[in-house]
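This report describes one residue and its surroundings, and then the protein as a whole. Please consult the sequence and the structure as you read.

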Amino acid sequence: MEEDTEADRAAVIPSTEKKTCEPPPSPSQDQDVKSTAVMKYASVESPVRFSVLQKLTDLKLPPANWLRSQEGVTGIKTNMSWGTGSGEPFSSLSMANTFLETVDEVDVITDAENIKKLLKIPFSKGSVSLAVHRVGRTLLLDEFDIYSSLLRAERENWRWLRDFYLEHVLENVKEKEKIFSRKKKTRDYLQNRSMFSKFLYRSIEDGKDAESPPSYSEVCGEESEEEGAVGNCPDAANGRLAPGQSVNNGDLLPEPEDPSLRSEFQRNVIWTFEDIRMLIGTDMPIFGGGTHPAVSLRLRDMKKPINVLTGLDYWLDNLMCNVPELVMCYHLEGVVQQYELIKTEEIPNLDASRFSPQVIKDIAQNILSFLKSNCTKEGHTYWLLKGNGDDVVKLYDLTTLCSENMEDKTSNPFSVPVAMLLYRVARNMLMDSNCHKEDFPTVRKLLKQCIELLDEDKHPEIVTSANYLLSDLFVPDDPTEDPCVPASSDTADQEFWDSSCYDDNDDDDVSQDGDNLAVAVIKSVEDLYEREKYRSSGNRPPHKAKQPMSVEERARAALSYVSKALMLIDSYASKLAPPKPAPFPSPSKAIPLHYAKLFQNGDDSASKQESPECREESSSFTDPVVSEDTPSQHALTPCRNISKDSWEGQLKILLLKKAATAYFALSDVANTLGRYGCALRHLRLALLCYDAFSALSFGLLHENRNLQTSLLTLAGDVQLMMAKHIDNHQAYEAELEVKSQDDGIISRSAKQEAVKPLCSKHDWATEFFMHDIESCLETSVRCYEEAAIRTNRKESHNQFINVNKRLGNVQNEMGVILMNRAAGMEYGPEQDKTLQKSQCAFESGIGAFRAAVDMTNIALLHSNTGRLMRVWAQSCVQHDTDGKRGEFSHQERIYYNKARDHYMKAVHILKDRSAFPMVWDSVQWELSTTFFTMATLLQDFAPLSIKAEEQVEKEVVELMTRSIRYCDTETESPRQPLAQYRAATIHHRLASMFHNAYRNQSEDQKRKQARSQAEHHYGKACRLFQQLEHPCELTRVQLERVALCEYQLGGQTTAGSKVRTLSTALGYMAECREAMHSIHRELGPDEEGTSPDGENTTSNDLSKNQTVVSSLVPKEESEKLLNILESRLQHLLHTLIKTAASGKASSHKHHGGKPRRAGKPNRHLTATQLEQYKKAYASCLRGTAESSAGLLRRVQNMADTLALLPH
């Protein structure tokens, strides 16, 4: 570059004198480019007012204020580095660290001089050497001085790059001298710089009485909120985590502090050039005032014309700073001659320096596309190289090419600054309240590159923090966030894009033909003129969707990062720990030589049998030493006591908390899959980590009670499931013994903190009880109780409800198990104690459900308590010496009444069947059972020693009636057949009781009532038994009805009444025909298709009006009932025929011995009916004669006989 164009620039307010030349015509519309500049930061609040120098002013003489004014007031740097092209080596990194929010938002961050160098490549023969780094979608460009960095022997830290440069880039000494020669600062060059500096200081107006110029917000555009405030340089360490973010402990994460990584530019500007957005730093002084708010000042020698490079330089400076005008001061031999005002848009049309803005736009887009297409890897240092007079531009990936020559990670001076920037950008992205899971892949890649670039021994806190942030991407801190739900495959679960995804291999213009070691080559700078020569949007290319990570994989990934970080912290702490004094040996005792086996002969079967999902290694859980893959130094080196105020303590708090959350997620997954041994093992580690970080953070506000509540709740769930799957305890015990390398590292690190006195122990929550149901349930109850105590109802209402519901459920399980155990025990103190414990469990469960406002479960527990009272009542049964049951006792009555009260409470809570039909049916059934049981016991074992029989019968009728009231026989449900059978049994029992009362009652009125009630209940019982297809019960009821008729027959005197009674009794027997058919089908399945009377029937006919298929008919009971039926049928038929015959004889006698007219029916029986009865009697006699025949034959004969009876 020409020296006369590099040292004579500044900014100025023009004088009011007439301009020396007319401005050129405005450029055509197609030459316009879109350019906006928004001030990000300015060290000067407003432009400096300009003083017009008098003509013939000697600029070689220093002014009075030269190099004395403060930079913050004048905006002029004393070192005058602006415009020289020699900037700071890490200027882009400094700006990126200062303005972290712009990283990944802008396309380029760099010094303004570097932008000008790139855009002037096609116009200049000079050399270009830039270091390029990529962070997200942002490129960071820095000047890379080859001579000062590589060719000077005293720069030892660049030896690896110098060797590569001399060996591969340059081929001969002539080319070395040609491409990169040291810049010589001539006498004229130094004089021009000094004169330009004096000119700027002379141009500063003493503005005591002048108007204050406009502020930068008025001159350079309004500042949006996200762009910061003009005049206030942001503090790079002021980031705090936004509320609701998963990383809610950002104040504990270390912040890299390097004073050199702060932007030192006078102004930082967000410059948008067409579609390219850049954060640039510039030190160009801006002057303003009056009618010209902002102008730039330039100094030109009238003997030297303005060329294209100079015009382009002026134009870009004004665009970058949004300065609308340029004031040119012309001089001869340092003496001021005149001023000229030029508008910014007129600069491209100046004589001898014409250029097209559209061409500059195409150059900018092509260069940016070229760099973005090839600088693809975060953390890598790229070198953009163009030699003096060379027409080829090469791009090298120094990190890849020189990796073998580097002694360590810090050999590259860019490594640490870039790594710190990557860390801070990733941390800042997580702090942002607008951070979403879609940003997680970018954050993860930045953090992994940061770890690769840093030496963990020199920067342990940053490496540890980066590992923590990586773990946080996989597992959130808040356990209430469901980690069992994986994210979509196109967000956080996607792997980072590989560098090959960025390579544009189909672009023939970006090739490696010029240099096999270069990433890409621009063959000719003339290619940059062509519009859209290199196409690249800079965005991530489309990629194939991958399988989303499961919750278990996420948790395992998080734990791997946590274990690395904890190992690093413990290693760092062990280095600071004071050495333990060696024990003084005893002279009488030999010094033992510790021996360790070189090879462990452990059994590999466990590792071979473990599931692939666990990816864990076999080892003992109680062994504090990690597996064999773990370095022994970590396992044996003692650590110093870590303070919670140190960075190690603060990070260890976060890591242990993260480990607890990850293990909680693993345990939750294992519990869902039924791997309860794995779930309990993960819970042990989770609670160990929780105890450790609670002890370490004692006194701080970092303890997470939600995490503790969630862990205890899950522990209660696992213990409950252990109790339900008692037969699989051996498999669960084997699962407990499995442990991975990460588990060993984390558990050992946690145990170092868990031994502190203030540490709360939760070992009891994860204790394994082999085949002990009660202990599992008791532990589960304790877990839920502890969780409920630590849950705030107002702050965590849903969690409070959930915990109390679980507590009520396990209390119910405990109560039921104890109740069933007590039911099988013998009466005694042990049984009474068990029943009391069961009652306490049910009462506690009711209290828990009441706290959760769960009315349905409250009703169920009242129902279970009622059942417990019935069991308790059964335990109070008294027996005599012979083992016979005694009368229904008062103690039994008390417990049955308690059971009734609990069932009634449940009914009152439920109100009706509409809300919870199944619960309602269950409670109604149990209440009906209670009344039925009491009535049955009162009826069978009446307490006649303390109550009269009538009182007992009255109470039985009342209880049976209430039992039928709660016995729903109409609603269709699985319990409907049982309800119908119970109703039939109740009617049968009531009928039998009234039958007995009819026999024993002496008063006619009461006898009639008893007989009427008996017939009523017998009828209902028969209909229900017939509907249910219970032939034996139906036959028994009909026989009792026949017995009632026979007893009634004994009190009748007239033949007519006797015939009616006998006909009624035989009608009851005729109704037993279908019962005989059923008995015959049950006893003889081979003859099911044929009825006993020989008629063919179908299955549909046999099952008509039948809703339930009865169970198999007992053969003995059937034979007994058949004997009684045969006997009573024969007796009734004989009595009827005899009575009818005696009635006929008396009728003949009444009519004077004259026979009755034919066809006139008998008053009681017709001749046909009498004939049928006779045939039936004959058939019955034949059946009696064949009593030695088989049961099936007798049943068939009885069915045939009953078929002969008139209907």
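## A glutamate in a helix

Glu735 lies in helix 21, which covers residues 729-736; helices are DSSP runs (H or I) of at least four residues, and strands are runs (E) of at least two, numbered from the N terminus. The model is predicted, local features need pLDDT of at least 70, side-chain atom pairs count only at pLDDT 80 or more, and totals for chains, interfaces and linings use all residues. Residues are numbered from 1 along each chain as its sequence is written, and side-chain values use heavy atoms, without hydrogens and water.

## Surroundings of Glu735

Which residues does Glu735 contact, leaving aside its neighbours within four places in sequence? They are Arg675, Tyr676, Gly677, Cys678 and Arg681, where contact means heavy atoms within 4.5 Å. A polar atom of the Glu735 side chain lies 3.1 Å from the backbone nitrogen of Cys678.

Glu735 is buried, that is, under 20% relative accessible area with a 1.4 Å probe, protein chains only. Glu735 has no salt bridge (a side-chain nitrogen of Lys or Arg within 4 Å of a carboxyl oxygen of Asp or Glu). The nearest side chain of opposite charge, Arg675, is 5.2 Å away.

## The protein and its confidence

The protein has 38 helices and 14 strands, and 53% of its 1207 residues are buried.

The average pLDDT, the predictor's confidence in each residue from 0 to 100, is 77, and 72% of the residues score at least 70. Over residues 1-30 the pLDDT is below 50. Residues 1086-1112 also have pLDDT under 50. Where pLDDT is low, predicted coordinates should not be read in detail.

Definitions and conventions. Buried < 20%, exposed > 50% of the residue type's maximum accessible area, 1.4 Å probe, protein only. Lys, Arg positive; Asp, Glu negative; His and termini not counted. Polar contact = N/O pair within 3.5 Å; in protein donor to acceptor, adjacent residues only side chain to side chain.
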